[in-house]
Amino acid sequence: MCGIVGYTGTEPAVPVLLDGLARLEYRGYDSSGVALERGSRIDVVCETGKVARLAEALGVGGGAHEAACGIGHTRWATHGRPTQANAHPHTSCDGAVALVHNGIIENFAELRRELEAAGHAFRSDTDSEVIAHLVEESLVSLACVDAADDALADAEGRRTPHDGTAALAQGRPSILARAVHAAASRLIGSYAIAVVSTADPGVIVGMRKDSPLVAGLAADGAYLASDAIALIDHTRDVVIVEDGQLIELGATTLALFDASGSCLAPLEPSPVHIDWDAELTEKGGYSDFMLKEIHEQPRVIRDTLAGRLVGDSVHLDELALTREELNLLDRVYIIACGTSYHAGLIAKNLIETWAQLPCEVEVASEFRYRNPIVTPTTLVVAVSQSGETADTLAAMRDARIKGARVFGITNVVGSSVARESDGVIYTKANKEIAVASTKSFLGQVVSLTLVAMMLAQTRGKLTAGQVRLLFSELADTAEKVEAVLADATSVEAAAEACKDARSALFVGRGMGSAVACEGALKLKEISYLHAEAYPAGEMKHGPIALIDEGFPVIAIATMSPTYDKVLSNLQECKARGAKVIAIATEGDDEIARHADHVIAVPSVRDAFSAIVASVPLQLFARAIAVLRGCDVDQPRNLAKSVTVE
Ligand code: M6R
């Protein structure tokens, strides 16, 4: 949620910051801004809307901004509407401090009252602005302490360098770092912050708690960002700032400190190497990232499965549980949000059918506030594309406190979910840029399918022969998805027929019911068309009242044990005038009698039907969004990584 960038070095900061913000825009895009530090002054420029408007306001290329140190932000509003006044960076009263913040400061109202009583004037409705004023307060107090210290040092004939560059050269924190540390000790909530100040020209200080922050050093300077994607054009070696750590950037230095105590203690940064292909962040000839990512799915399936079948066994060694521990498990909880939750619903069917283990799937924001039955023999699987979803992380932490083993399934190496799990499986989706998840969803479904197979085999519920057969059919789904992608004519016709609808129902049974949930979410997210998903058998218990002439019902009607039941439900809809779009198995001659539009998908066993059936629904949602003139990659009000509660 929101994006942070920072740069200090030898190059003009504006192009670097704008490029970083553009790369982070998928995280939040209702306003953006930069603070440019030039010795004794800081210039702040903010704009509502997308980063392109900020670029216009800055007049890039005009050479008006010579600063070589600055911070930038792209915002997803939490406190205060998306106005220019609420856009970051926020500044202190004297303009000597500028700050950008991701997260939520829960005690901001109390801090604001206190700071206003002390004479601070606020300009925005945000929670973030309090931090700029707190840093200002701390700078004043620390300057007094340092002055007294300097006087003593002078008297004793020694010198204590307090300016940032000199202090950094000696491995000591600058006054700005100490001020940020002191200010952070007052904060309750989550934050990733980047701060510049005229008190320490050329220095950027970053600190985090429950919100991601990374940094890197390159030949032309030091970079800071809330996501490594903003750094990879400059350096592939990235320092992941952990909770309770503070990082201080100078033009040629990068110093990390443990900020969990009352003093800043130096730490040795250990960068991780990012090996994404830069091309991944380009559209590669597709009109939008979502379409590109939908088309990457066959590759995601192949990469996720690569090396997972060893002999006749599914190998998920990262999960680090012994055979005995796996056999002792008596319950599985899958916790996740949004699309990841839907991947969990699909996995529940497989875990219960194959491994014969009770499996609950729960929305993380609910799990964390009730008292679920979690014991040391419960396996908790946390699924999160970004690995930074605040609700999922909190639910994982609760489960661990209760003694459960927690597996993470995430797409982001080094993310919080990865670091806080007992074992992690990385989906091989690679960076996903479009806000609506597609390829990461398929990566999650395939990974969870492997977990189900592994649990079943270890517990003696599937034989080696069965596992080998299932694995080979799972691998074949890559080709089948390719076939779905090769001809989208029927999807486009169905989209054209539904584009003017005001609402739509998605129905299915069993696996199809979970696929329907994901189909409805995709449509809502990117086309703003209201959509609901229902188990097809539930229609007659209420939602059928919605149906009148031309009402779109999208049915997942692939071959399954409940296929005939789905057909009956469709007849009930048709009898009331519904326009039925059916996702059906190739070669099904019957379905055309029940549907206005048939979208055929290759035949697979029911266990893998979600993989082939969800792809046309992604294309359908996108096609409708395009027809309705929506921004497919950056739908309104959403953000790629939801790091606030
Ligand atoms: O990063 P996560 O998988 O934890 O994110 C969970 C949801 O926020 C996410 O799936 C959201 O629903 C997407 N926009 C779906 O397209």
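Where is P82 found? P82 is placed in the loop between β4 (69-75) and β5 (90-91); helices (H or I, at least four residues) and strands (E, at least two) are DSSP runs, numbered from the N terminus. The model is predicted, so local features need pLDDT of at least 70 and side-chain atom pairs count only at pLDDT 80 or more, while totals for chains, interfaces and linings use all residues. Residues are numbered from 1 along each chain as its sequence is written, and side-chain values use heavy atoms, with hydrogens and water left out.

With a relative accessible area of 38%, P82 is partly exposed; buried means under 20% relative accessible area, exposed over 50%, and partly exposed in between (1.4 Å probe, protein chains only). P82 and G49 are separated by 33 residues in sequence, and their C-alpha atoms are 8.1 Å apart in space. The loop between β4 and β5 also holds P89. The peptide bond from H88 to P89 is cis, with omega near 0°.

Two further residues deserve attention for their backbone angles. Most residues other than glycine have a negative phi, and most peptide bonds are trans. D210, however, has a positive phi, near 60°, and is a residue other than glycine. D210 lies in the loop between β8 (204-209) and β9 (214-218), and its relative accessible area of 25% makes D210 partly exposed. Y528 likewise has a phi near 60°, a positive value in a residue other than glycine. The place of Y528 is the loop between α17 and β24 (530-535), where Y528 is partly exposed at 26% relative accessibility.

The ligand comes next. It is surrounded by 15 residues, of which the closest are S340, S384, S386, T389 and E525; a residue is near a molecule if one of its heavy atoms lies within 4 Å of it. By class, the shell around the ligand comprises five nonpolar, eight polar and two charged residues. In this division Ala, Val, Leu, Ile, Met, Phe, Trp, Tyr, Cys and Pro count as nonpolar, Asp, Glu, Lys and Arg as charged, and the others, Gly among them, as polar.

The space taken by the ligand is the second largest pocket. On a 1 Å grid over the protein atoms alone, a pocket is an open set of points where a 1.4 Å probe fits, with protein on both sides within 12 Å along at least five of seven lines; a molecule sits in a pocket if more than half of its atoms lie within 2 Å of its grid points. The elements that give two or more residues to the shell around the ligand are α10 (338-355) and α17 (511-527).

An N or O atom in the side chain of T389 is 2.4 Å from a ligand oxygen. A backbone N or O atom of S437 is 2.8 Å from an oxygen atom of the ligand, and a polar backbone atom of T339 is 3.0 Å from a ligand oxygen. Of the 410 Å² of accessible area that the ligand has on its own, the protein covers 91%; such areas come from the Shrake-Rupley method with a 1.4 Å probe.

R112 belongs to helix α3 (residues 108-117) and is buried, at 19% relative accessibility. S226 sits in the loop between β10 (221-225) and β11 (237-240) and is buried, with a relative accessible area of 3%.

The loop between β21 (405-410) and α13 (416-419) contains V413. At 61% relative accessibility, V413 is exposed. V413 and V642 are 229 residues apart in sequence, with 17 Å between their C-alpha atoms.

Note on methods. A polar contact is a pair of N or O atoms within 3.5 Å; within protein, one must be able to donate a hydrogen and the other to accept it, and residues adjacent in sequence count only if both atoms are side-chain atoms. On a 1 Å grid over the protein atoms alone, a cavity is a set of points where a 1.4 Å probe fits but cannot get out, and a pocket is an open set with protein on both sides within 12 Å along at least five of seven lines; lining residues have an atom within 4 Å of a point.
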